[in-house]
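Let's take a quick look at a few local features of this model. Have the structure open while you read.

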Amino acid sequence: MKAALAGADGTLLYEARRPTGRERGPQAVVATILDFAEELREIGRGRFGAPAVAAGVAVPGIVDDARGIAVYAANLGWRDVPLRALLSERLGGVPVALGHDVRTGGLAEGRIGAGRDADRFLFVPLGTGIAGAIGIEGRIEAGAHGSAGEIGHIVVRPGGPECGCGQRGCLEKLASAAAVGRAWAAACGDPEATAADAAKAVESGDERALAVWQDAVDALADGLVTSLTLLDPDTLIIGGGLAEAGDTLFEPLRAAVRARVTFQRLPLIVPAALGDAAGCLGAGLLAWDLLSTEVTA
Ligand SMILES: [Zn+2]
């Protein structure tokens, strides 16, 4: 997990990382978060003369932002953790915001990253899985149950590979960095091969790599066109590990989206700007938003 102390102008004053401790179970993860936050509070007090006046935290899975509850996360194993209340209690009662990692990253991309000039955008990080954040006029749509934007579970190949969500042929089984790594490992015979290796092989003109890459790009374009048909965004922001391939991804992806749209307006398709700091920066923005809400309320 990543943590930072942020100044009023968004400057990162102090940054730190540590393992979640998830192999010791969900309670250990919660304890790590609380201890980490308390340490940052003490570092703030020691270095800057005062502790942080608010805190924001972003977690994966299903998150009930409004009630401050981390509802479910497959990789962390927790259910219904009242994280906002626990953190506020540990931090001496300061206001705390809880957000979803990808929506929070999308908030940061929208305000201070690649979506700064976009009124309506879709942020899609392509990593271990694929998720999405729907940006609308400076805020991120969470949905009625905290699961809006799950573009990774749009079925793009009916009857395709089984997904952990219970469906088959989900976008993230075909076009996440993990999926591209798996497909390239199978094609080239090296079980350790990754999506970054696939991108390198594409750049060197390897025909098998080009075929693997194009399959992923086609699946991704199918999923993105479904999303832009529904949402009509002005910008698609693509991030995560796969986007690090740069033009190797963006050139064929723009062409594949362009080839599919008919009546839909073509959005700008741009790389994310904040990298893996997006979630952390977004959590800071959520914390600042709490303060500005309190002032104006
Ligand atoms: Zn799925």
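Is D232 buried, exposed or partly exposed? D232 is partly exposed, with a relative accessible area of 48%; buried means under 20%, exposed over 50%, and partly exposed in between, using a 1.4 Å probe and protein chains only. D232 sits in the loop between α7 and β11 (235-239), and its phi is near 50°, positive although the residue is not glycine.

E137 is another non-glycine with a positive phi, about 45°. You'll find E137 in the loop between β9 (133-136) and β10 (139-141), and it counts as exposed at 55% relative accessibility.

## Ground rules

This is a predicted model, where local features need pLDDT of at least 70 and side-chain atom pairs count only at pLDDT 80 or more, while totals for chains, interfaces and linings use all residues. Residues are numbered from 1 along each chain as its sequence is written, and side-chain values use heavy atoms, leaving out hydrogens and water.

## How α6 meets α7

Helices here are DSSP runs of H or I with at least four residues, and strands are E runs of at least two, numbered from the N terminus. α6 (residues 195-203) and α7 (residues 207-231) pack at about 120°, their axes 8 Å apart.

On the α6 side, A195, A198, A199, A201 and V202 touch A209, L210 and W213 of α7, with contact meaning heavy atoms within 4.5 Å.

## Helix α1

α1 (residues 26-48) has 23 residues. Its buried residues include V30, L34 and F36, and the buried residues of α1 pack against β1 (2-6), β2 (12-17), β3 (55-59), β6 (78-81) and α2 (83-90).

Key. Axes are lines fitted to C-alpha atoms, for helices over the stretch in contact, and angles run from 0 to 180 degrees between N-to-C directions. The expected span of a helix is 1.5 Å times one less than its number of residues.
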